[in-house]
Amino acid sequence: MRIGVGYDVHRLVRGRPLILGGVRIDSDWGLEGHSDADVLVHAISDALLGALALGDLGHHFPDSDSCYRGISSVTLLKRVMAMLHDQAYRLHNLDTVIIAQKPRLAGHIPAIRRNLADLLATDPRSISVKAKTAESLGALGRGEGIAVNAVCLITQVIH
Ligand SMILES: [Zn+2]
């Protein structure tokens, strides 16, 4: 068994789509970034890469490389999952915390868990997604961005 931790933060701006866990959230505000800025998928990908001790998403798919501009973060997560399978590991479970002062996310969590479970080839019961505000403290509390913490456990596949 190996554990991994991932963290990501993106700035919230007007007029960008808000995509979390591959799910489009109806909002006037979205996250800024070269890709679709799916902060949840980025943190999850970093947790998986961390468990494999393979660096982070930016190392494998650099922002500076124009071929990753506007790419769906889900596509990158699928490549990370392929690395996991190549090394004969599978995801056991995943826990995440989204820190967002806005918008309210509680109603979207079941859809995000289902979508992530599909992407990660596991059951929604193995995928935990929690959302909380920053209690109006600091930049996140002013709604200037959204941050995510993710922790995963992977297990070696025994043949
Ligand atoms: Zn990111």
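**A tour from the zinc site to the sheet**

Select the zinc ion first: Asp8 (OD), His10 (NE2) and His42 (ND1) coordinate the zinc ion at 2.0 to 2.1 Å. Donors are N, O and S atoms within 2.8 Å of the metal (3.2 Å for Na, K and Ca), and water is not among the atoms, so sites may look incomplete. The donor residues follow the spacing D-x1-H-x31-H in sequence. Asp8 and His10 are buried (under 20% relative accessible area, with exposed over 50% and partly exposed in between, 1.4 Å probe, protein chains only).

This is a predicted model, in which local features need pLDDT of at least 70 and side-chain atom pairs count only at pLDDT 80 or more, while totals for chains, interfaces and linings use all residues. Residues are numbered from 1 along each chain as its sequence is written, and side-chain values use heavy atoms, with hydrogens and water left out.

Next, show the open sheet: five strands in the order 4-1-7-5-6, with mixed pairing (strands pair if DSSP finds at least two bridges between them; strands are DSSP runs of E, at least two residues, and helices of H or I, at least four, numbered from the N terminus). Strand 4 (29–31) and strand 6 (127–132) are the edges, each pairing on one side only.

Now select residues 2–14 and 145–156: strand 1 and strand 7 pair in the antiparallel sense over ten bridges. Arg11 stands opposite Gly145 in strand 7.

Finally, go to Trp29: Lys102 lies over its face, at 3.6 Å from the ring centre (the criterion is NZ of Lys or CZ of Arg within 6 Å of the ring centre and within 35 degrees of the ring normal).
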